[in-house]
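Please read them with the model open beside you.

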Amino acid sequence: MGLYYTVEELARTLKVSEEAIRKRLRGGEIRGVRVGRTWRVPREEAARLLGGKEALEAFDRSLKEARS
């Protein structure tokens, strides 16, 4: 099983609203999975949204710092 990101994490990083992310998930523009009532976005899709591997690694570092 791969790593997944929350709508909140992606919205904050992309500087868009959480609802904008959810709308695109529902419409199929962003690939994600439902876990109960919440969405999760797989790592590969987050890399596509953020613009590649380097941006994803920076995203991971910022999340790790925010959680500490």
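Predicted model: local features only at pLDDT ≥ 70, side-chain atom pairs only at ≥ 80, totals over all residues.

1. The ring centres of Y5 and F59 lie 4.9 Å apart and the ring planes stand at 45°, so the pair is classed as tilted. The class follows from the cut-offs, because planes under 30 degrees apart count as stacked and those over 60 as edge-to-face, with the rest tilted. Y5 sits in strand β1 (residues 4–6), whereas F59 sits in helix α4 (residues 53–67), so the pair ties together parts 54 residues apart in sequence.

2. Is E9 buried or exposed? With a relative accessibility of 9%, E9 counts as buried, because the cut-off for buried is under 20%. Once neighbours within four places in sequence are set aside, the contacts of E9 are F59, L63 and R67.

3. Next, the packing of two helices. Helix α1 (residues 7–14) packs with helix α2 (residues 18–27) at an angle of about 115°, and the axes are 8 Å apart. On the α1 side the contact is made by V7, E8, A11 and L14, and on the α2 side by E18, I21, R22 and L25. Sorted by type, the residues of this contact are five nonpolar, three charged and no polar. As for handedness, the crossing of α1 past α2 is right-handed.

4. Salt bridges deserve a point of their own. How many salt bridges does the structure hold? The number is seven. Three of them are taken up in the points that follow.

5. One of the salt bridges joins R12 to E8, with the closest N and O atoms 3.6 Å apart. R12 and E8 are four residues apart in helix α1, which means a separation of about one helical turn. R12 counts as partly exposed at 47% relative accessibility, and E8 counts as partly exposed at 46%. E8 is also one of the α1 residues that make the contact with α2.

6. Another salt bridge links R22 and E19, where the closest N and O atoms are 3.8 Å apart. Both residues, R22 and E19, belong to helix α2 and lie three residues apart, about one turn of the helix. R22 is partly exposed, its relative accessible area being 26%; E19 is partly exposed too, at 40%. R22 is among the α2 residues in the contact with α1.

7. A further salt bridge brings together the side chains of R48 and E45, at 2.6 Å from N to O. R48 and E45 are three residues apart in helix α3 (residues 43–50), and therefore about one helical turn separates them. What is the relative accessible area of E45? The value is 7%, and E45 is buried. Elsewhere, salt bridges with shared partners join E18, E19, R22 and R26 into one network.

Note on methods:
Residues numbered from 1 in each chain as written. Heavy atoms only, no water. Axes fitted to C-alpha atoms, helices over the stretch in contact; angles between N-to-C directions. Left-handed = near helix turned anticlockwise from the far one by under 90°. Contact = heavy atoms within 4.5 Å. Nonpolar A, V, L, I, M, F, W, Y, C, P; charged D, E, K, R; others polar. Salt bridge = Lys/Arg side-chain N within 4 Å of Asp/Glu carboxyl O. Buried < 20%, exposed > 50% of the residue type's maximum accessible area, 1.4 Å probe, protein only. Phe/Tyr/Trp six-rings, centres within 6.5 Å; stacked < 30°, edge-to-face > 60°.
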